[in-house]
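Colleague: Could you take me through this model before I plan around it?

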Amino acid sequence: MTMSEPLSVIAPDGATNGYDPGLSEAELLHCYRTMLRVRAFDEICLKLQRSGRIGFSIPNLGIEGTQVGAASAFEKSDWLFPSYRDFGMALYHGITPLEMMHNMYGNAQDTAKGRQMPVHFSFDKPIRFVSISSPIGTHIPQAVGAAYASKLRGEDTVMLASFGDGGTSSLGFHSGLNFAGVWKAPVVFLCQNNGWAISCPVEEQTSSDGFAIKAEAYGMPGVVVDGNDVLAVRKTMLEAVERARSGGGPTLVECKTFRMGGHSTSDDPSRYVPAEQREEWEKKDPVLRFERFLEASGMWKAKDKEPMYSEALDEMSAAASEAEAVPKPGLESIFTDVYAELPPHLRRQGQELFELGKRKGDAAAGDGEFPL
Ligand SMILES: Cc1ncc(C[n+]2csc(CCOP(=O)(O)OP(=O)(O)O)c2C)c(N)n1
Ligand SMILES: [Mg+2]
């Protein structure tokens, strides 16, 4: 097999090549449902953004197989350093749509207290889903540092660093992989090669034969997998996670997939993605692929899809309504979480802000008092 031939498990007719994913029927259906829930979350967020209720979102259409297959390889005690396009990893591990919607609205219950952009989730349970870093690639060395700390402490926690094809051009990618190789840190690098970094095609991103091959330079295995085959992604990631957990060091996994939507709700991919490319990948839709497997295994029927998807839409819509009703963070939250005791100059600035807020009618109940 050459580096650029991706590993796949689910054949076009839904049969597997004998691979047993080691998941019960309920677990496999959880994978499927999670993929549908990602689509439903996207659909609701697009409507919210287009109607001016939230400022921004990131579509995940086409990447759900990679997200769910990868997430399924990690334990709740592991840490995920996700990219901004990893909604399926959060949902797979039981982070609720409501918690995610609080961030989309930047309301008072958002874990980031409205200080991050929408889509920049951070959660510490049921799994550690580390705050999204907007500057591309900066979270890669963070994941490596956390992995090295886990190793030094003698723990068996494994870290995931997830990023796109564009992320491989960042300094963080090269320094992160270098340190991880030297330290044999328990980290798995997941490169989601979805063909595009906003409007930059992969051919302009690198002149190497894909991204997995770059692992060789850093002294670790590099594996290419069909990112639209959820079971192939699971298989590859499980092997990499087990290797990291047992002291074997890092792996770079390249998932070949395709972003069927825009880069974000501010983007129009029809301006740069050739129609034939999109049509070709639509046939490889990861949800349809997994449906063929589930159907061939007698776990799912075509008539199940519509009620499952509409249940997911109801769930996301209810989460959005609930999050929308939560007030924005109080003005005083601007001054919290940095100092144990607020310095006098910030206290003074805060007071001026509250007075201005009151005069302009922007201050909400509670503003104007420091709880510090
Ligand atoms: C350091 C840095 N440079 C540029 C940007 C602007 N930017 C945001 S997303 C993006 C493309 C990233 O592409 P890729 O890693 O392939 O991720 P994908 O969008 O495909 O998920 C760029 C250039 C940024 N956020 N950070
Ligand atoms: Mg990309």
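Below is a short exchange on the fold, the ligand shell and the domains.

Modeller: This is a predicted model, where local features need pLDDT of at least 70, side-chain atom pairs count only at pLDDT 80 or more, and totals for chains, interfaces and linings use all residues. Residues are numbered from 1 along each chain as its sequence is written, and chains are lettered from A and ligands numbered from 1 in the order in which they are written.

Colleague: How many helices and strands does the protein have?

Modeller: Helices (H or I, at least four residues) and strands (E, at least two) are DSSP runs, numbered from the N terminus. On that basis the protein has 12 helices and eight strands.

Colleague: What is the radius of gyration of the protein?

Modeller: The radius is taken over C-alpha atoms, and the globule rule is 2.2 Å times the number of residues to the power 0.38. For 372 residues the rule gives 21 Å, and the protein is close to this, so it is as compact as a globular protein of that length; its radius of gyration is 22 Å.

Colleague: Which strands each supply at least two residues of the shell around ligand 1?

Modeller: A residue belongs to the shell if its C-beta atom, placed from the backbone, lies within 6 Å of the ligand. There are 16 such residues, the closest being Ile136, Gly164, Gly166, Gly167 and Ala197. The strands asked for are S3 (159-164) and S5 (196-197).

Colleague: How far apart do the C-alpha centres of domain 1 and domain 2 lie?

Modeller: The bounds come from an automatic or database domain assignment, which gives domain 1 (25-324) and domain 2 (330-372). The distance between their C-alpha centres is 37 Å.
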